[in-house]
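Have the viewer open while you read.

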Amino acid sequence: MSHTEIKKIKAIDIVRLARHTKRPTTLDYIGFIIKDFIELHGDRRFSDDKAIVGGIGFLENIAVTVIGHQKGRNVKENIRRNFGMANPEGYRKALRLMEEAERFSRPIINFIDTPGAYPGIGAEERGQAEAIAYNLYKMSTLRTPIISIVTGEGGSGGALAISIADRIYMLSNTIYSVISPEGCASILWKDAGKADAAAESLKLTAKDLFYFKIIDGIIEEPGNGAHEDHESTAKQIKSTLISTLNELLLIEPSTLIDQRYQKYRGMGIFSE
Amino acid sequence: MSKLFPKCPKCNTSHFISFLKHAHYVCSKCGYLLRLDAAIRVKMICDKRSFTQFDENIRSLDPLEFPKYRDKLDKSIKETKLNEAVLTGTCRIKGFPSTIGVMDPRFIMGSMGSVVGEKITRLLEYSLGNFLPSVIIILSGGARMQEGILSLMQMAKTSAAVKRLNDNHLPLFTVLTDPTTGGVTASYAMLGNVIIAEPNALIGFAGPRVIEQTIGQRLPQGFQRAEFLLEHGMLDMVVQRKQLRSVLGTLLKIHSQRPYSYH
């Protein structure tokens, strides 16, 4: 056995891969997977948040609604996309599109990749907490199948707000956490530099989440990670989506939302 | 802190405990609202001897084996004589039956891990099963970091439970006290059918320090305070502590009637 095989992969290395600037973004995946895609815009209340994209199209021959956080690949794009950190109107746009999906009996696919909800003055003024809470509330009973895939960073409430689903998957080099390793380290040790130790403690990798029964499966990335081969990563995702959808489409809506309730109801570890 | 003459944490004035109690733990000198232990809050709001606690023996484990979490839990249990950061049960307020949840500041700043999420969900499910309205007095720093992703998922769990309640025409009333931030604000706190806040309570999603660091500028005066949220349409009302019991009683009374009952 070689040394590299024995060496345990550190959580912080997965954090770095999850944030890799060359990873495919939501619009990249849509380009590979969705036919006849039409992007839809705006929350009909305030603005069009560019940190979340969404629209409609076909997955093979199934009409679907697709929503996801959108990061940029360079500084200019990232400023336009606010680094994938949504304001309340981003979550409200997502919910509007999901309600349309329910209305027209389309399954929903969500791509999760955000450092978190944007912490800003305007975000607080326009009800960041309410926007997130209301999505959690409404998504719990949407009468159409929902599949969420963490494709990069699952950053706290900002990730959760569009990730409530019947099935949740993570790519193998992604994270999903209540707080960023840097944020955790600065609270715990008053030192954001200790992010590697915090990343380890937070148990935020796909394997950890599978162990805690939060996610339903892990989609393996090719080679050294998704950034090396966008197309084959997209192919993997597509085949997972199709097989999962074929299963979910057979479940009638009241059973579907009952099972969704039970799925989240069972999360938590305690004694009594 | 002297038990007989506790000090106001803001202006440092000592108050004789009986006077302070009589003033609903509001400092007569500077108007600061002292943070209340859950048991004191229950006494202040519920009718005499009407509170029956449930699920008092659920305890947190340390599923992540997170550094120093076990010690923190043990210390909190010893200091507060509570098993977790929220007290839940049934009660009457001005004669009207309700379930009630009260969060305690001394227990890891009312943060929500698996147990808080579970107890709140059970409270809401009990309300559903028994056709009762629910009242939750909130005080929380947010999701509990030491339980990682399990804490985050409590936001989804509790929000889904509120949805079930509302779908069955049962109300939730939330009272946001200082501080109400993070994952608790972004779940059941902001899902109240009527949302009340105490004067000057800090209420928000992101903490003020995080926002300051992100945007690199000072925050405006009164930002994220109860009155600011009221002005921005995020709350129904800001209520003085001495009026809280009577306002809750009236809300329960109005919601106990269904004049057009075709549901």
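In chain A of this predicted model, helix α5 (residues 88-103) and helix α7 (residues 128-139) have axes that come within 8 Å and cross at roughly 20 degrees. That makes α5(A) roughly parallel to α7(A). A few conventions here: axes are lines fitted to C-alpha atoms, for helices over the stretch in contact, and angles run from 0 to 180 degrees between N-to-C directions. Angles under 35 degrees count as roughly parallel, over 145 as roughly antiparallel, 65 to 115 as roughly perpendicular, and the rest as oblique. Helices (H or I, at least four residues) and strands (E, at least two) are DSSP runs, numbered from the N terminus.

The α5(A) helix passes α7(A) in a left-handed crossing (left-handed if the near helix is turned anticlockwise from the far one by less than a right angle, right-handed if clockwise). On the α5(A) side, the contact uses Pro88(A), Tyr91(A), Arg92(A), Ala94(A), Leu95(A) and Met98(A), and α7(A) answers with Gln128(A), Ala131(A), Ile132(A), Asn135(A), Lys138(A) and Met139(A). Residues are in contact if their C-beta atoms, placed from the backbone, lie within 7 Å.

Now for some bookkeeping. Residues are numbered from 1 along each chain as its sequence is written, while chains are lettered from A and ligands numbered from 1 in the order in which they are written. As this is a predicted model, local features need pLDDT of at least 70 and side-chain atom pairs count only at pLDDT 80 or more, but totals for chains, interfaces and linings use all residues.

The α7(A) helix also faces the other chain. Its axis and that of helix α5 (residues 148-167) of chain B come within 8 Å and cross at roughly 65 degrees, this time in a right-handed crossing. Ala133(A), Leu136(A) and Tyr137(A) of α7(A) meet Met155(B), Ala156(B), Ser159(B), Val162(B) and Lys163(B) of α5(B).

| α5(A) with α7(A) | eight residues | two residues | two residues |

Zooming out, the contact between the chains takes 42 residues from chain A and 49 residues from chain B. With seven residues, α7(A) gives the most to the side of chain A that touches chain B. By class, that side has 25 nonpolar, 11 polar and six charged residues. Strands join in too: β9(A) and strand β2 (residues 59-60) of chain B pair in the antiparallel sense over two bridges (DSSP must find at least two bridges for a pair). Phe270(A) stands opposite Ser60(B) in β2(B).

Asp178(B) and Pro179(B) are joined by a cis peptide bond, with omega about -5 degrees, and Pro179(B) sits in strand β6 (residues 172-181) of chain B. Arg44(A) has a positive phi of about 65 degrees although it is not a glycine.

Conventions. Contact = placed C-beta atoms within 7 Å. Nonpolar A, V, L, I, M, F, W, Y, C, P; charged D, E, K, R; others polar.
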